[in-house]
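Biologist: Please show me how to read a structure that is new to me. I would like to take one feature at a time.

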Amino acid sequence: MSSVSHNSNIPRPPPLPSKICIRTKYSKRLLECIFVPNETKDMWDKLFKDGYEADVCIITEDKSCVLAHSNVLSIASPVLGNVLRLSKVKHGMRYIKIRGIPHGAVSVFIRFLYSSCYEEEELQKFVLHLLVLSHSYSVPALKRVCICLLEQGWLTRENVIDVLQLARNCDAPRLVFICVRMVVKNFKSISSTEGWKVMKHANPALEQELVESVVEADTVSQNLLYVWRSLYLLVIYFQNIINLFVKFVNQFIFLFPPRQVTLLLLFF
């Protein structure tokens with residue numbers, strides 16, 4: 001009885017973790033058991049949009065200002081944290097400049113630092129600027145989002161050269177590979193675009209590299225074609241040999257009685 005009462009006091013074990021939280025060697029990506037409620041994201045989004053008690057003014061290309069909080073920026077981006085530490089304070093406000101980037105792109109970038117939220121239309125509009133910002137200010141999460149968008153159908157023959165140059169400068173090797181593959185497959189049409197002409201004068205080394213890639217790909221395709229043609233001829237040759245052998249066997253069978261033919265086949 002004592003053992004029964006003792007077992008009844010033992011609490012029930014917790015439920016097994018869900019499939020989302022289980023990591024297996026077959027999964028391509030590590031799954032993390034992290035859940036952020038929409039209310040939390042909305043709270044950080046509202047903090048950015050309202051600019052309550054903001055102490056940073058980010059001056060953009062058109063001289064307008066994007067308000068932010070130094071603590072949030074320093075945590076989200078160590079590079080921005082260093083820039084803020086070196087900035088001067090005027091009346092309790094720090095002023096920094098982000099040159100060469102439209103105001104809309106800077107606003108989308110800072111909003112992402114707060115809540116990891118963005119509008120799809122804005123992301124598509126400023127994806128190249130956001131790729132540069134995410135690389136320059138070390139925000140890998142936004143960089144992955146931009147690269148994913150560019151890889152999934154945003155590339156065209158008109159912008160592939162510009163994206164290729166940005167991908168090389170922003171350390172995105174997979175995106176570089178996709179761009180080069182697109183150039184190799186559509187070299188004639190891409191080499192006549194305005195982006196190619198600008199790149200030809202600004203970066204002739206890249207043009208030479210792309211031309212060499214096209215020549216190399218053409219050489220490989222010709223070698224593969226030669227190999228496949230040789231294999232095809234070899235298969236035909238062996239088929240002819242087999243056909244001759246079968247014809248010879250059929251004629252040979254009629255020269256001997258059935259019993260001797262059976263013995264010969266068993267012997268072979």
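Predicted model: local features only at pLDDT ≥ 70, side-chain atom pairs only at ≥ 80, totals over all residues.

Modeller: Residues are numbered from 1 along each chain as its sequence is written, and side-chain values use heavy atoms, with hydrogens and water left out.

Biologist: How many helices and strands are there in the protein chain?

Modeller: Helices (H or I, at least four residues) and strands (E, at least two) are DSSP runs, numbered from the N terminus. The protein chain has 14 helices and four strands.

Biologist: In what order do the strands of the sheet lie?

Modeller: Two strands count as paired if DSSP finds at least two bridges between them. Here the order is E2-E1-E4-E3, in an open sheet with mixed pairing. Strand E2 (65-68) and strand E3 (89-90) are at the edges; each has a single partner strand, so one side of each lacks a neighbour in the sheet.

Biologist: Which helix packs on the sheet?

Modeller: Contact means heavy atoms within 4.5 Å. Axes are lines fitted to C-alpha atoms, for helices over the stretch in contact, and angles run from 0 to 180 degrees between N-to-C directions. Helix H5 (residues 103-115) packs on the sheet and touches E1 and E2, its direction making about 5° with that of E2.

Biologist: In which sense do E1 and E4 pair?

Modeller: Strand E1 (residues 56-59) pairs with strand E4 (residues 93-97) in the parallel sense, over four bridges. Ile58 has Ile96 in E4 as its bridge partner.

Biologist: How many salt bridges does the structure hold?

Modeller: Side chains of opposite charge can pair when their charged atoms come close. The criterion is a side-chain nitrogen of Lys or Arg within 4 Å of a carboxyl oxygen of Asp or Glu. The structure holds six such salt bridges. One of them joins Lys46 and Asp50, whose closest N and O atoms are 2.9 Å apart. These two residues are four apart in helix H2 (residues 38-50), which means that about one helical turn separates Lys46 and Asp50.

Biologist: Is Lys46 buried or exposed?

Modeller: Buried means under 20% relative accessible area, exposed over 50%, and partly exposed in between (1.4 Å probe, protein chains only). Lys46 is exposed at 52% relative accessibility, and Asp50 is partly exposed at 48%.

Biologist: Which residue forms a salt bridge with Glu119?

Modeller: The partner of Glu119 is Arg111, with the closest N and O atoms 3.6 Å apart. Arg111 is buried at 10% relative accessibility, whereas Glu119 is partly exposed at 36%.

Biologist: Which parts does the pair Arg168 and Glu209 tie together?

Modeller: Their side chains meet in a salt bridge of 3.4 Å, N to O. Arg168 is in helix H9 (residues 160-169) and Glu209 in helix H13 (residues 204-253), so the pair ties together parts 41 residues apart in sequence. Salt bridges with shared partners also join Asp45, Lys49, Arg111 and Glu119 into one network.

Biologist: Which residues make the nonpolar surface patch?

Modeller: Patches are made of residues with over 30% relative accessible area and no salt bridge; like charges are joined within 9 Å, and nonpolar side chains (Val, Leu, Ile, Met, Phe, Trp, Tyr) within 5 Å. Accessible areas come from the Shrake-Rupley method with a 1.4 Å probe, and for residues only the protein chains shown count as cover. Val227, Trp228, Leu231, Leu234, Tyr237, Phe238 and Ile241 make a nonpolar patch of about 730 Å². Tyr237 belongs to helix H13.
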